[in-house]
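User: Could you go through this model with me? I would like to discuss a helix pair and then a sheet.

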Amino acid sequence: MKWDRHTCQKATMGTLLQPLRKSSQSPIQPLLYAAVVKSFTGKNLLKQAQQLHAHITLRDLRPTGFLAAKMVAMYASSGDISSASLIFHAAQNPTPLLFNSIIRAFSLYKLSEESLNVFTQMRSWGFRGDYFTYPFVLKSVSDLYFFQFGKGIHGLSMKDGLDIDLYVGTSLIDMYVKCGELRGARNLFDEMPFRDVSSWNALISGYMRDGAVKLARELFEEMPLRNIVSWTSMISGYTQNGFAGEALQLFDKMSMEDSEVKPNWVTVMSVLPACGQSSALERGKMIHRFSREKGLDSHPSVQTALVGMYAKCGSLPDARWCFDRIRPNERNLVAWNTMITAYASNGRCMEAISTFEDMIRSGIHPDGISFTGLLSGCSHSGLMDVGLRYFDSMSSIYFVERKHEHYACVVDLLGRAGRLVEAYDVICRMPMQPGASIWGSLLSAGRSHRNLEIAELAAKKLFVLEPENSGNYVLLSNMYAEAGMWEEVDHLRALLKLQCVKKSPGCSWIEINGKAHLFLGGDASHEQTKKIYTLLEELPEKMRAAGYVPDTSFALHDVSEEEKEHSLITHSEKLAIAFGLLNTSPGTILRVTKNLRICGDCHTAIKFISKIYGREIVVRDVNRFHHFTEGSCSCGDYW
């Protein structure tokens, strides 16, 4: 009889065991049982496995080491690691095969400590590990980051003469990489007499994880043979290290007709964040079409990545459409968090709250990321009381640990509402040391509400925490100037020079016809500079006619009013918008990304531009999205 999954499900246990009954007294009976056990392995037939186990027990047959090993594998593959463990511990005379079987099972179930304990027990029985033992033991070491233990395992593998084995050697490299010991991993790699593609991939992944992008690229280019993991590791590594352009370029190369290795769903999932990083909406849509044509967009992880990509490109309707396509039973916590954060960062806090509540009703328990999105959304929408209630509920209802980022949101929430003393009190009562993001929120609140005392206190903390950030010096300097405190202004400028702090240049970019166009503040290098500046010089008159008044408090304080207004005109986001107006047809949405926070004057000016030209303008700054339309912004000016 051929025992496949269909046969095992349809046949009765009596039918399957009939040959065994005929040989009930045969010494080869355990081998026959082992064959039946093996036929159940890997087919997720737990009920049938339990029936078989009961049959063996009722016949008073004590499993041999060989049969016990097969039963451990059967239970482990059926999702019952407890029964697998019981069989192992009940065995009176364990064999190396049985030890290997349970080590593998514990390792795959992430029961790493149990796996290492069994390996120690295996050595105490006098058994040596083999090429099957060490890869799973080393995987457990990696999961626990037990590097010193791992070095001991490395030594044992050398004693057993297995360090030169291809699979053991690759597992050693992977262990060194995951424990952060890249130099050791490279030495092992260089000493390997034989390497396969997995050896190369392990080291490439390690370099990318450590930010050594150049070394990973060099290794990738040297590879004699590349597989899907090689290409996807590079694309994922580029994305995670902020090299969005390189990730997209490599994906394009992979997608070419003559490419031997084509993208799979993991590749697509890895490259989509690169589109989000660079706000490359058109590229993202192209990859979406590609994944749909190849049948890759039905995977929940790809669908979640699409939600994130569209959200980070400021296209909420597309993000929601992709979210709704995920089957309700496949919407995991990551998918819900992505949608909550999307609404929050785009100024749609009520939708973020509604999505959070839908998640709770669906039975998904929130985590810290859920609350970070929710609290930041409340902060940027002025929903202070709602935000504080959710902050309180973290520990009292959902038992989610409050972390630094949650306190930062609360400080921002209170600061934006003008409750600066309460915000400072929250900082003083925090169970951890406040970092730069918290003091930065308090500094911004002090600036917004003209509270120099609070701003000064926060700025001095920031000068210690992030002395290289010029924005903190400039903000406090401008507040001193507004108060006429010129000695303090001179002192800050002297401090800036002494510490060699340079102002981060503002830059913005806009994507048109799939190509990104970058502009710096005051940029005159673009080929359309003359047309751009002509349009911008005409704008103030049109905007003043509609009620615009330049806010020169966002310009330098030691120049004339006329120079201040000219400085404001040439801010990078205005240059990008002017370029967009010149190069797109009426009614086209303009999407601009800025590397810094949008200034108050630009925010006001873009509202007028959206009204004058009848355009929707989406600006993504370092903190959030602003959707400008018909003279108003999605943030409700609460930013």
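Analyst: The discussion below takes the helix pair and then the sheet.

User: What kind of model is this, and which conventions apply?

Analyst: This is a predicted model, in which local features need pLDDT of at least 70 and side-chain atom pairs count only at pLDDT 80 or more, while totals for chains, interfaces and linings use all residues. Residues are numbered from 1 along each chain as its sequence is written, and side-chain values use heavy atoms, with hydrogens and water left out.

User: At what angle do helix 18 and helix 19 cross?

Analyst: The axes of helix 18 (residues 281-293) and helix 19 (residues 300-312) cross at roughly 160° and come within 10 Å. Axes are lines fitted to C-alpha atoms, for helices over the stretch in contact, and angles run from 0 to 180 degrees between N-to-C directions. Helices (H or I, at least four residues) and strands (E, at least two) are DSSP runs, numbered from the N terminus. That angle makes helix 18 roughly antiparallel to helix 19 (over 145 degrees).

User: Which residues in helix 18 and helix 19 meet?

Analyst: From helix 18, Leu281, Gly284, Lys285 and His288 meet Leu306, Met309 and Tyr310 of helix 19; contact means heavy atoms within 4.5 Å.

User: Turning to the sheet, what is the order of its strands?

Analyst: The six strands form an open sheet in the order 2-1-3-4-5-6, with mixed pairing. Strand 2 and strand 6 (632-633) are at the edges with a single partner strand each, so one side of each has no neighbour in the sheet. Two strands pair if DSSP finds at least two bridges between them.

User: How many bridges join strand 1 to strand 2?

Analyst: Six bridges join strand 1 to strand 2 (residues 515-520), and the two run antiparallel. Ser508 has Phe519 in strand 2 as its bridge partner. Two residues lie between the strands of this hairpin, where Asn513 takes a positive phi near 55°.

User: And what stands opposite Trp509 in strand 3?

Analyst: Thr593 stands opposite Trp509. Strand 1 and strand 3 (residues 590-594) pair in the antiparallel sense over three bridges.

User: Is strand 1 mostly covered or exposed?

Analyst: Strand 1 (residues 507-512) is mostly covered, with five of its six residues buried (under 20% relative accessible area, 1.4 Å probe, protein chains only).

User: Which strands does helix 33 lie across?

Analyst: Helix 33 (residues 572-583) lies across strand 1, strand 2, strand 3 and strand 4 (617-620), and runs at about 20° to strand 1.

Methods: Angles under 35 degrees count as roughly parallel, over 145 as roughly antiparallel, 65 to 115 as roughly perpendicular and the rest as oblique. Buried means under 20% relative accessible area, exposed over 50%, partly exposed in between (1.4 Å probe, protein chains only).
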